Amino acid sequence: FFKGAVAVSVAALLAFAPGTIQANAAVLGPQADKCADDHGPAVLVEIAGLKKRSGSLRIQSYGGDPSRFFEKGAWLERIDVPVPAAGSVSVCVPVPKPGTYAISVRHDMNGNGKSDMSDGGGMSGNPEISLFDLMFKKKPPAREVVFTVGDHVRTITVTMNA
């Protein structure tokens, strides 16, 4: 899963660094418009390091008690989108209010809706974590994955691990 649906495309803006924007990129997600014109609070999750251009992505946001981040069913928002055939991959994830959050991303490479050994994943902050760690429910420390969101759109990059 990690190692060390409906998509709405908007001909909108893609941030490569917080506060900078590039035209001609699609933002995915059912609420992509929240990121288009900085209608936060929201997180623009840029996904890097996809091993294949197939299957689907599941992006989950977590907030509140950091000790519950990444627990089954503890997510605030879950967004499933198909992996685009080409181009950059950015997904808009709205959050309920300014605060501290974490993000997880799973790449279901074969699109079967299950976590397989071949699937990839990543987390905000890009912590070093292996499949072995996750099999034994070892989560990264909160300080490695948390980030803050204000009234605007916060851009983060999650690098996928196979």
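This short talk goes through the salt bridges of the model, the surroundings of Asp-119 and a group of aromatic rings.

Before I start, please keep in mind that this is a predicted model, in which local features need pLDDT of at least 70 and side-chain atom pairs count only at pLDDT 80 or more, while totals for chains, interfaces and linings use all residues. Residues are numbered from 1 along each chain as its sequence is written, and side-chain values use heavy atoms, with hydrogens and water left out.

Let me begin with Asp-119, which sits in the loop between strand E7 (99-108) and strand E8 (120-123); strands here are DSSP runs of at least two residues, numbered from the N terminus. With a relative accessibility of 0%, Asp-119 counts as buried, where buried means under 20% relative accessible area, exposed over 50% and partly exposed in between, using a 1.4 Å probe and protein chains only. Its side chain reaches the backbone nitrogen of Asp-116 at 2.9 Å, and a polar atom of that side chain lies 3.1 Å from the backbone nitrogen of Met-109.

Asp-119 also meets the side chain of Arg-106 in a salt bridge, at 3.7 Å from N to O, the term being used for a side-chain nitrogen of Lys or Arg within 4 Å of a carboxyl oxygen of Asp or Glu. Arg-106 belongs to strand E7, so this pair ties together parts that are 13 residues apart in sequence, and Arg-106 is itself buried, with a relative accessible area of 8%.

How many salt bridges does the structure hold? There are 3, and another of them joins Asp-80 to Arg-58, with the closest N and O atoms 2.8 Å apart. That pair links strand E5 (residues 77-82), which carries Asp-80, with strand E4 (residues 56-63), which carries Arg-58, across 22 residues. Asp-80 is partly exposed at 23% relative accessibility, and Arg-58 is partly exposed with a relative accessible area of 23%.

Turning to the rings, the structure holds 3 aromatic pairs, a pair being rings of Phe, Tyr and Trp (its six-membered ring) with centres within 6.5 Å, and planes under 30 degrees apart counting as stacked, over 60 as edge-to-face and the rest as tilted. Tyr-62 and Phe-69 make a tilted pair, 6.4 Å centre to centre with 45° between the planes, whereas Phe-69 and Phe-70, with centres 6.4 Å apart and planes at 75°, are edge-to-face. Tyr-62, Phe-69 and Phe-70 form one aromatic cluster; Tyr-62 and Phe-69 are both buried, and Phe-70 is buried at 18%.

Definitions and conventions:
Helices (H or I, at least four residues) and strands (E, at least two) are DSSP runs, numbered from the N terminus. A polar contact is a pair of N or O atoms within 3.5 Å; within protein, one must be able to donate a hydrogen and the other to accept it, and residues adjacent in sequence count only if both atoms are side-chain atoms.
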